Amino acid sequence: MSNQARLSAVEDLLQEAVWLPAVNDRGALRRAAGLTQQQVASAVGVGRVQVARWETGVAEPRGIRRQAYSHLLSSLVHRPAAAPSP
């Protein structure tokens with residue numbers, strides 16, 4: 001395989017990848033944003049217990065739920081901190 005083909009294959013793989021933060025960071029991100037497990041569950045379309053399982057590493061989200069959960073968490077990572085109230 002040529003170097004260009006390898007780079008192309010890696011790029012294709014990156015397009016399919018759905019990033020999730022480490023298990024230990026998932027709940028911390030949610031809590032830092034002031035969100036409850038129930039709020040996340042309702043938005044993603046699962047029960048609260050499922051979110052708890054994702055946060056503890058007992059289970060991993062799949063399919064469209066993984067995409068939605070990934071989008072939520074990555075948005076929290078890149079969201080600017082709120083300015084303190086005067």
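## Burial and the predicted model

A residue counts as buried when its relative accessible area is under 20%, and as exposed when that area is over 50%. Arg 30 has a relative accessible area of 9% and is therefore buried. The structure described here is a predicted model.

Helix 2 covers residues 23-32, and its buried residues are Arg 26, Gly 27, Leu 29 and Arg 30. Viewed down the helix axis, these buried residues lie within an arc of 155°, so they line one face of helix 2. An α-helix has 3.6 residues a turn, so residues three or four places apart point the same way.

What do the buried residues of helix 2 pack against? Their partners are helix 3 (37-44), helix 4 (48-56) and helix 5 (63-78). On the face turned away from the buried side, helix 2 carries the exposed residues Asn 24, Arg 31 and Ala 32. Just after helix 2, Gly 34 has a positive phi of about 75°.

## Helix 1 and Asn 3

Helix 1 spans residues 3-16 and includes Asn 3. The relative accessibility of Asn 3 is 62%, so Asn 3 counts as exposed. Between Asn 3 and Gly 34 there is a separation of 31 residues in sequence and 46 Å in space, taken from C-alpha to C-alpha.

## Helix 3 against helix 4

The axes of helix 3 and helix 4 come within 8 Å and cross at roughly 105°. The two helices are therefore roughly perpendicular to each other. Helix 3 contributes Gln 37, Gln 38, Val 40, Ala 41 and Val 44 to the contact, while helix 4 contributes Arg 48, Val 51, Ala 52, Trp 54 and Glu 55. Sorted by class, the contact has six nonpolar, two polar and two charged residues.

## Salt bridges

Side chains of opposite charge can pair when their charged atoms come close. The model has three salt bridges. In one of them, Arg 26 pairs with Glu 60, with the closest N and O atoms 3.2 Å apart. This pair links distant parts of the chain, since Arg 26 is in helix 2 and Glu 60 is in the loop between helix 4 and helix 5, 34 residues apart. Arg 26 is buried at 3% relative accessible area, whereas Glu 60 is partly exposed at 36%. Glu 60 also meets Arg 66 in a salt bridge (3.5 Å, N to O), and Arg 66 is partly exposed at 23%.

Another salt bridge joins the side chains of Glu 55 and Arg 30 (2.6 Å, N to O). Glu 55 in helix 4 and Arg 30 in helix 2 are 25 residues apart, and their pair links distant parts of the chain. Glu 55 is buried, with a relative accessible area of 11%, and Arg 30 is buried as well.

Technical notes:
Residues numbered from 1 in each chain as written. Predicted model: local features only at pLDDT ≥ 70, side-chain atom pairs only at ≥ 80, totals over all residues. Heavy atoms only, no water. Helix = DSSP H or I, 4+ residues; strand = E, 2+ residues; numbered from the N terminus. Buried < 20%, exposed > 50% of the residue type's maximum accessible area, 1.4 Å probe, protein only. Arc of directions from axis to C-beta. Contact = heavy atoms within 4.5 Å. Axes fitted to C-alpha atoms, helices over the stretch in contact; angles between N-to-C directions. Parallel < 35°, antiparallel > 145°, perpendicular 65-115°, else oblique. Nonpolar A, V, L, I, M, F, W, Y, C, P; charged D, E, K, R; others polar. Salt bridge = Lys/Arg side-chain N within 4 Å of Asp/Glu carboxyl O.
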